[in-house]
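Subject: Structure for your review

Dear colleague,

Please find below the structure that I would like to hand over to you. My findings follow it, and I would be grateful if you read them with the structure open.

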Amino acid sequence: MEIFRYLAIPLILTLLIETLVLVILKERRKKVYILSIGMNVITNISLNLIGYYSNIEELWLYFFMVILLEAIIWFIEGIGYYIGIKEKRKATLYTLACNGMSFFLGTIIQVVLNLIWR
């Protein structure tokens, strides 16, 4: 059950936040939302599985690993958006805005939830 919570909550937060960002950016194409959801299911679960199974005890090293993996995910999702919508500028905007907000807000919400659940 612990791994489900470790994977499900960040994924749900990411999907909600990034979908909201796309709505705020006035994206109307259904395929962009489907693309966003598909990419995030793959990248978010992958990132969190790596984090769950990594045995890194030093906080700075864990933080470095997460930042490095997030940067890779931003790059992968940027390419995914570009392949899906064929607009370099929008693909860049979407990946930066969506991933930036989900990382920032998702981290804050996760910290608050972890404080509440302890």
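The buried residues of helix 4 are covered by elements that include helix 1, helix 2 and helix 3. Please bear in mind throughout that this is a predicted model.

I shall begin with helix 4. This helix runs over residues 88–117. Its 30 residues should span 44 Å at 1.5 Å a residue, and the 42 Å between its end C-alpha atoms agrees with that. The buried residues here are Ala91, Tyr94, Thr95, Cys98, Asn99, Ser102 and Gly106.

If neighbours within four places in sequence are set aside, asparagine 99 is in contact with Glu18, Ile73, Trp74, Glu77 and Tyr94.

Leucine 105 belongs to helix 4 and counts as partly exposed because its relative accessibility is 30%, which lies between the limits of 20% and 50%. The C-alpha atoms of leucine 105 and serine 46 are separated by 19 Å, and the two residues are 59 apart along the chain. Leucine 115 also lies in helix 4. With a relative accessible area of 64%, over the 50% limit, leucine 115 is therefore exposed. Between the C-alpha atoms of leucine 115 and leucine 61 there are 23 Å, with 54 residues separating them along the chain.

Next come the helices that pack with helix 4. Helix 1 (residues 2–24) has 23 residues, and its 33 Å from first to last C-alpha is close to the 33 Å expected at 1.5 Å a residue. Among its buried residues are Leu7, Pro10, Ile17, Glu18 and Leu22. The buried residues of helix 1 pack against helix 2 (30–53), helix 3 (59–85) and helix 4. After helix 1 comes lysine 26, which has a positive phi near 65 degrees.

In helix 2, the end C-alpha atoms are 35 Å apart, in agreement with the 34 Å that its 24 residues should span at 1.5 Å a residue. Its buried residues include Val32, Tyr33, Met39, Asn44 and Gly51. Those buried residues pack against helix 1, helix 3 and helix 4.

How are two packed helices described? One gives the angle between their axes and the distance between the axes. For helix 1 and helix 4, the axes come within 8 Å and cross at roughly 135 degrees.

For helix 3 and helix 4, the axes come within 8 Å and cross at roughly 145 degrees. This crossing is right-handed. Which residues meet there? On the side of helix 3 they include Glu70, Ile73, Trp74 and Glu77, and on the side of helix 4 they include Tyr94, Thr95, Asn99 and Phe103. Ile73, Trp74 and Glu77 were also named above among the contacts of asparagine 99.

Yours sincerely,

A colleague

Notes:
Residues numbered from 1 in each chain as written. Predicted model: local features only at pLDDT ≥ 70, side-chain atom pairs only at ≥ 80, totals over all residues. Heavy atoms only, no water. Helix = DSSP H or I, 4+ residues; strand = E, 2+ residues; numbered from the N terminus. Contact = heavy atoms within 4.5 Å. Expected span 1.5 Å × (residues − 1). Buried < 20%, exposed > 50% of the residue type's maximum accessible area, 1.4 Å probe, protein only. Axes fitted to C-alpha atoms, helices over the stretch in contact; angles between N-to-C directions. Left-handed = near helix turned anticlockwise from the far one by under 90°.
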